[in-house]
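Please refer to the sequence and the structure shown below.

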Amino acid sequence: EAVSALIALSEFGAAYQCFAPDLETPTKNNITAEISGEKRNAMIEAARIARGQIKNLKELRASDFDALIIPGGFGAATVLCDFAMRGPEATVLPDVKKAILDFYEESKPIGAICIAPALLALVLGSKGITITLGADSETSRAACQGGAKHSACAMVDYVSDREHKIVTSPAYMHDSAKAHEVYRGIRGLIQEIVTMA
């Protein structure tokens, strides 16, 4: 999802800067889906995807950028927040919450992919934003308990809440998603974000 977003940003001629929290996090064995006892630094791990071009999330200033994009994945639900463990009672990492609120308050578009729209629902749900987490499900109901609305969406598409400048795409929230289908939805999301910005 992150790589798809970077490819689409490049395709549409958008400059970007990647950020990640500088903190130690548990790792997941992606073969067995088990959490290991090993810990790794989230920013160092994210630097692999960003080809080393990454900054500490604490340095992110909404005033320096036209939009915010948050890819999904296991880290979005366990590092950026604890939604995977606590559902609607989840808390969002303070630096992530600040970034979302700052971009929203500056009326700058925010895109979120896969499970990352749950972050937006947790932070901005009381504003009545509309997101997608794919199909209507227990996960979407849990994420939207704070007031966000959910719109079911195919993996190849995205949902645009133009009033709030929120664009979301389900990506791998659909278990049957193929890489090119995920890319198609993310590409649409990025095009919409670039248009809004």
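At what angle do helix 1 and helix 8 pack, and how far apart are their axes?

## Packing of helix 1 on helix 8

In this predicted model, helix 1 (residues 2–11) and helix 8 (residues 179–196) pack at an angle of about 45°, and their axes lie 9 Å apart. The crossing of helix 1 past helix 8 is right-handed.

On the side of helix 1, the contact is formed by Ser4, Ala5, Ile7, Ala8, Leu9 and Glu11. Helix 8 contributes Tyr183, Ile186, Arg187 and Ile190.

An open sheet is built from four strands in the order 5-6-10-9, with mixed pairing. Strand 5 (68–70) and strand 9 (159–161) are its edges, each pairing on one side only. On average, neighbouring strands of this sheet are turned by 15° against each other, direction ignored.

Strand 5 and strand 6 run parallel and are joined by three bridges; leucine 68 has isoleucine 110 of strand 6 as its bridge partner. Strand 6 also runs parallel to strand 10, with four bridges between them, and here isoleucine 110 stands opposite isoleucine 166. Strand 9 and strand 10 (residues 166–169), by contrast, run antiparallel and are joined by three bridges. In that pair, serine 160 has valine 167 of strand 10 as its bridge partner.

Helix 6 is mostly covered, with seven of its eight residues buried: Pro117, Ala118, Leu119, Leu120, Ala121, Val123 and Leu124.

Nonpolar side chains tend to be buried together in soluble globular proteins. The largest nonpolar core here comprises 35 residues, and Ile100, Ile110 and Leu119 touch the most other members. Two or more residues each are given to this core by strand 5, helix 3 (74–78), helix 5 (94–105), strand 6, helix 6 and helix 7 (138–143). Helix 6 supplies the largest share, six residues.

Which residues does leucine 119 contact, leaving aside its neighbours within four places in sequence? They are Ile70, Ala76, Leu80, Cys81, Val92, Val96 and Ile100. A second, separate core has 22 residues, including Leu9, Cys18, Ile54 and Ile113. Leu9 also belongs to the contact of helix 1 with helix 8.

## Alanine 42

Alanine 42 lies in helix 2 (residues 42–49). Is alanine 42 buried or exposed? Because its relative accessibility is 14%, alanine 42 counts as buried. Residues up to four places away in sequence aside, alanine 42 touches Ala20, Pro21, Leu23, Thr25 and Val79. The C-alpha atoms of alanine 42 and glycine 128 are separated by 31 Å, and these two residues are 86 apart along the chain.

## Positive phi angles in two loops

Two loop residues complete the description. Lysine 165, in the loop between strand 9 and strand 10, has a positive phi of about 60° although it is not a glycine. Its relative accessibility is 25%, so lysine 165 counts as partly exposed.

Alanine 171 also has a positive phi, near 45°, in a residue other than glycine. Alanine 171 is placed in the loop between strand 10 and helix 8. With a relative accessibility of 0%, alanine 171 counts as buried.

Terms used:
Residues numbered from 1 in each chain as written. Predicted model: local features only at pLDDT ≥ 70, side-chain atom pairs only at ≥ 80, totals over all residues. Heavy atoms only, no water. Pairing = 2+ DSSP bridges. Axes fitted to C-alpha atoms, helices over the stretch in contact; angles between N-to-C directions. Buried < 20%, exposed > 50% of the residue type's maximum accessible area, 1.4 Å probe, protein only. Contact = heavy atoms within 4.5 Å. Core = buried A, V, L, I, M, F, W, Y, C linked by side-chain atoms within 4.5 Å. Left-handed = near helix turned anticlockwise from the far one by under 90°.
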